[in-house]
Amino acid sequence: MDYSKILNKTIQEIKPSGIRKFFDIAAEMDDVISLGVGEPDFQTPWAVRQKAVQVIETKRTVYTANAGLEALRRSVSEYTKKKIGVEYDPVSEIVITVGGSEAIDISIRTLVEPGDEVLIVEPSFVCYSPIVKLSGGIPVPIETKVENNFRLTAEELKNSITEKTKLLILPFPNNPTGAIMEREDLEQIAEVLRGTDIMVISDEIYSELTYGKKHCSIAEIDGMKERTILINGFSKAFAMTGWRLGYACAPNPIAQQIVKLHQYAIMCSPTVSQYAAIEALENCEDEVRKMVDEYNVRRRFVTDSFNKLGLSCFNPEGAFYVFPCIKNTGLTSEEFCEKLLYSKKVAVVPGNAFGDCGEGFIRVSYAYSLNHISEAVSRIGEFLEDIKRN
């Protein structure tokens, strides 16, 4: 049987994730130090784990409402009001999802029709463009530049808009660069969007992980809440990657369509995780602060280390990644990562996995212990010396 004639042509044409490629190779090798996956090395806070055990023991393991436990949606509403000053109706404007990834997927599919153009700020997380293509849309990358601190400028946005533009995907704090957008930047972006029908998906999964500057959401800017779907979740801030829980906040007419997709594809998010997430939002702020403080130590160490090694490294202000430039080695991003993995057993991710404009960079996660990072940096230094000798 010729499966190529049966399978969806769009899914066949989509490349596998560049992140998983190197992770899978590293998983089959011994003694590899991985700085490739964006997964916190911290334990989920004890109070959250304890709440989950209690929920299981009291048999609260049945389906919840499609949109999620109302108690959790109320906690999310209070959390967004406290953190960014924006209030969402917990009954009609919040949908609890299976991770931030599902929230991104169903938000894009709710909005995008065949032929719609979707502006995607790049470098950025790997899922946006494939989901747009699977929805029949046309991904239009907007390249951010290191000289602008990898921020989206109003001019770059304005130059990318056409009559077919339906949606802007705004992923800040950014994976892979660690860039953030400040209020002044977002006000300029909002000014470009006013008077259009262009919607925004604001992926704010790293909103708690900023260093020295408070996160600002585009939903805070005057007139933007009505045209923004805010995506967030529990994986990064609360070290809950495997709990698979996120949420989408959107105006009621949009949220009610999002919940339809969620209803038919998923039914509801994991019940135990939902109860545990209430505990995280309401009682674990101190634990989050401790994690951020530790990430900040690692951030300074790894940024300084790469600069000392001669790999120019933008100073990230959010998330837990650095994005050093490797152009002076003469290697492509994939060549660098492959040679480093096989010769020194260190796994990092090629920058072009996050868009073509990421070529010449690598993504390094510092969501690992300082000892782990230090040994990896030492091996990378040896690798760079080997390149010079050859």
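Mentor: A definition is needed before the angles can be read: a helix axis is a line fitted to C-alpha atoms over the stretch in contact, and the angle between two axes runs from 0 to 180 degrees between N-to-C directions. The model is a predicted one, and every value below is computed from it.

With that convention, helix H5 (residues 99-111) and helix H9 (residues 252-265) pack at an angle of about 115°, their axes lying 9 Å apart. The crossing of H5 over H9 is right-handed. On the H5 side, the residues in contact are Glu102, Ile106, Ser107, Arg109, Thr110 and Leu111; on the H9 side they are Ile254, Gln257, Ile258, Leu261 and His262. Sorted by class, this contact of H5 with H9 comprises five nonpolar, four polar and two charged residues.

The axes of helix H4 (residues 70-84) and helix H10 (residues 271-283) come within 9 Å and cross at roughly 25°. Angles under 35 degrees count as roughly parallel, and H4 is therefore roughly parallel to H10. The handedness of the crossing of H4 with H10 is left-handed. H4 contributes Ala71, Leu72, Ser75, Val76 and Tyr79 to the contact, and H10 contributes Gln274, Ala277, Ile278, Leu281 and Glu282. Seven nonpolar, two polar and one charged residues make up the contact of H4 with H10.

From H12, the contact draws on Phe336, Lys339, Leu340, Ser343 and Lys344; from H13, it draws on Arg379, Ile380, Glu382, Phe383, Leu384 and Asp386. The contact of H12 with H13 has five nonpolar, one polar and five charged residues.

These helices belong to a protein with 13 helices and 12 strands. Among the strands, seven form an open sheet of mixed pairing, in the order E2-E8-E7-E6-E5-E3-E4. Its edges are strand E2 (94-97) and strand E4 (138-143), each of which pairs on one side only. From one strand to the next, the twist of this sheet averages 20°. Within it, strand E3 (residues 117-122) and strand E5 (residues 165-170) pair in the parallel sense over four bridges, and Ile120 has Ile169 in E5 as its bridge partner.

A further open sheet holds three strands in the order E9-E12-E11, with antiparallel pairing. Strand E9 (321-322) and strand E11 (349-350) are its edges, each pairing on one side only. E11 is joined by two bridges to strand E12 (residues 362-365), and the two strands run antiparallel. Pro350 is found opposite Ile362 in E12.

As for the overall dimensions, the C-alpha trace spans about 65 × 55 × 55 Å along the principal axes of the protein. A compact globule of 390 residues would have a radius of gyration near 21 Å, and the protein agrees with this because its own value is 21 Å.

Note on methods. Residues are numbered from 1 along each chain as its sequence is written. This is a predicted model: local features need pLDDT of at least 70, side-chain atom pairs count only at pLDDT 80 or more; totals for chains, interfaces and linings use all residues. Side-chain values use heavy atoms; hydrogens and water are left out. Angles under 35 degrees count as roughly parallel, over 145 as roughly antiparallel, 65 to 115 as roughly perpendicular and the rest as oblique. A crossing is left-handed if the near helix is turned anticlockwise from the far one by less than a right angle, and right-handed if clockwise. Contact means heavy atoms within 4.5 Å. Ala, Val, Leu, Ile, Met, Phe, Trp, Tyr, Cys and Pro count as nonpolar, Asp, Glu, Lys and Arg as charged, and the others, Gly among them, as polar. Two strands pair if DSSP finds at least two bridges between them. The radius of gyration is taken over C-alpha atoms; the globule rule is 2.2 Å times the number of residues to the power 0.38.
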